[in-house]
Amino acid sequence: MRTVTVGTRGSTLALAQTRWVIARLKEEWPETEFRLQTISTKGDRNRESLEQLAQKGDKGFWVKEIEDALLQNRVDIAVHSLKDLPTEQPEGLEVASIPKRVDSRDVLVGREGAKKLADLPQGARVGTSSIRRKAFLKSYRPDLQVIDLRGNIDTRLAALGTGDYDAIILAAAGLIRTELRHRIDEFIEPDILLPAPGQGALALETRADDDLSIEVAYAIHDHLTDDRITAEREFLAGLGAGCMAPVGAHATVKGGTLTLEGWVAALDGTHVIRATSSGEAGECADIGAELAEDMLKQGADRFIEAARA
Ligand SMILES: NCc1[nH]cc(CCC(=O)O)c1CC(=O)O
């Protein structure tokens with residue numbers, strides 16, 4: 001029996017999504033043995049300074065050590081939240097497979113009596129560490145106090161219990177995958193809070209010359225998800241931005257036509273540039289690149305620069 005080692009971070013979410021991936025792979029490859037290997041990343045160890053890491057241009061702080069393990073043959077397939085994976089792969093590695101996406105929306109989890117974004121009292125305290133969520137929330141409701149909230153899902157849910165926050169905003173996918181769907185009070189529609197590029201999707205990364213692992217991973221590839229996230233990520237890359245930018249992107253496909261919506265915001269939410277672009281789903285990369293160009297012409301670069309400074 002051949003053995004494929006699957007590597008991921010040690011967080012509850014990383015483990016849940018990797019167990020799901022292994023179960024799906026096992027269905028496709030019943031004769032293969034899958035071994036789960038956890039790897040700690042800089043992002044796991046430096047929770048306090050993610051913004052600093054991002055500002056130094058250190059984009060891969062959730063994935064670097066896992067990519068090293070791939071390159072050194074310690075793991076064969078790496079499972080990442082696509083949202084955390086830089087838009088370019090290092091030499092020798094590739095994204096071999098994009099499994100079917102779950103819900104890409106952001107959600108609100110509230111305290112007693114604070115169960116919907118629109119119904120939060122004037123000046124309510126909302127916890128999130130994402131500058132994208134912060135900017136879009138301030139644009140929608142300038143009265144809200146957006147307060148920094150870091151850590152993994154368990155830490156953030158626990159913070160809600162301390163009374164320091166009226167509500168927190170998280171990705172639906174993280175709660176769904178860790179069997180915490182019952183904690184969701186509101187799914188926030190993309191016309192209010194446009195999700196991060198790739199949110200709710202996973203990426204299976206392999207060595208570019210490891211044909212066997214590529215074949216194994218590709219068995220759970222989902223073409224529709226791939227078209228959508230390709231458009232979203234090309235948009236992000238075209239803006240010259242990374243996962244810590246005030247940028248949202250969300251693609252949908254209907255009858256072969258892909259529609260990509262993109263937003264770029266000022267950090268304080270006082271300005272949001274919004275645009276959409278559509279075309280044949282097969283042209284997903286071009287649709288993303290064109291939307292980025294369009295947004296840069298509209299002055300989006302000053303907001304991306306401001307976020308970097
Ligand atoms: N940056 C952390 C991160 N990376 C992926 C997810 C959620 C799962 C996903 O978007 O696929 C989260 C947590 C969150 O944003 O609430």
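Predicted model: local features only at pLDDT ≥ 70, side-chain atom pairs only at ≥ 80, totals over all residues.
View 1. Most residues other than glycine have a negative phi. Asn73 counts as exposed because there are 10 other C-beta atoms within 10 Å, and the limit for that class is 12 or fewer. Glu179 counts as exposed because it has 10 C-beta neighbours inside 10 Å.

**View 2. The three domains, and the contact between domain 1 and domain 2.** The protein is divided into domain 1 (3–99 + 201–221), domain 2 (106–188) and domain 3 (234–308), so that domain 1 is written as two stretches of the chain. The centres of domain 1 and domain 2, taken over C-alpha atoms, are separated by 27 Å. Where these two domains touch, 7 residues of domain 1 are in contact with 8 residues of domain 2, and the side that belongs to domain 1 has 3 nonpolar, 3 polar and 1 charged residues.

**View 3. The shell of residues around the ligand.** The residues around the ligand are Ser81, Lys83, Asp84, Leu170, Ala171, Ala173, Gly174, Gln199 and Gly200. By class, the shell divides into 3 nonpolar, 4 polar and 2 charged residues. Strand β8 (167–171) and helix α7 (172–177) each supply at least two residues of this shell. Domain 1 and domain 2 both give residues to the shell, and therefore the ligand lies between these two domains.

**View 4. Cys243 and its contacts.** UniProt, in an unreviewed entry, lists Cys243 for "modified residue: S-(dipyrrolylmethanemethyl)cysteine". The place of Cys243 is in the loop between α9 (223–238) and β11 (247–254). Although Cys243 is in a loop, it counts as buried because 25 other C-beta atoms lie within 10 Å, and the limit for a buried residue is 20 or more. Leaving aside its neighbours within four places in sequence, Cys243 is in contact with Lys83, Asp84 and Ala196; Lys83 and Asp84 are also listed among the residues around the ligand.

**View 5. The largest nonpolar core, with Leu239 and Val264.** In soluble globular proteins, nonpolar side chains tend to be buried together. The largest nonpolar core of this model has 52 residues, and of these Leu239 and Val264 touch the most other members. This core draws at least three residues from each of domain 2 and domain 3. Leaving aside its neighbours within four places in sequence, Val264 is in contact with Leu239, Pro246, Val247, Ile273, Met295, Ala300, Phe303 and Ile304. A second, separate core has 27 residues, including Val4, Ile66, Ala203 and Val216.

**View 6. Asp301 and Ala241, two residues that are 60 residues apart in sequence.** Asp301 is found in helix α11 (residues 300–308), and Asp301 counts as partly exposed because 15 other C-beta atoms lie within 10 Å, a number in between the limits of 12 or fewer for exposed and 20 or more for buried. In space, Asp301 and Ala241 are 9.2 Å apart, C-alpha to C-alpha.

Terms used: Residues numbered from 1 in each chain as written. Near = placed C-beta within 6 Å. Helix = DSSP H or I, 4+ residues; strand = E, 2+ residues; numbered from the N terminus. Nonpolar A, V, L, I, M, F, W, Y, C, P; charged D, E, K, R; others polar. Core = buried A, V, L, I, M, F, W, Y, C linked by C-beta atoms within 7 Å. UniProt positions renumbered as here; feature names shortened; annotations may be inferred.
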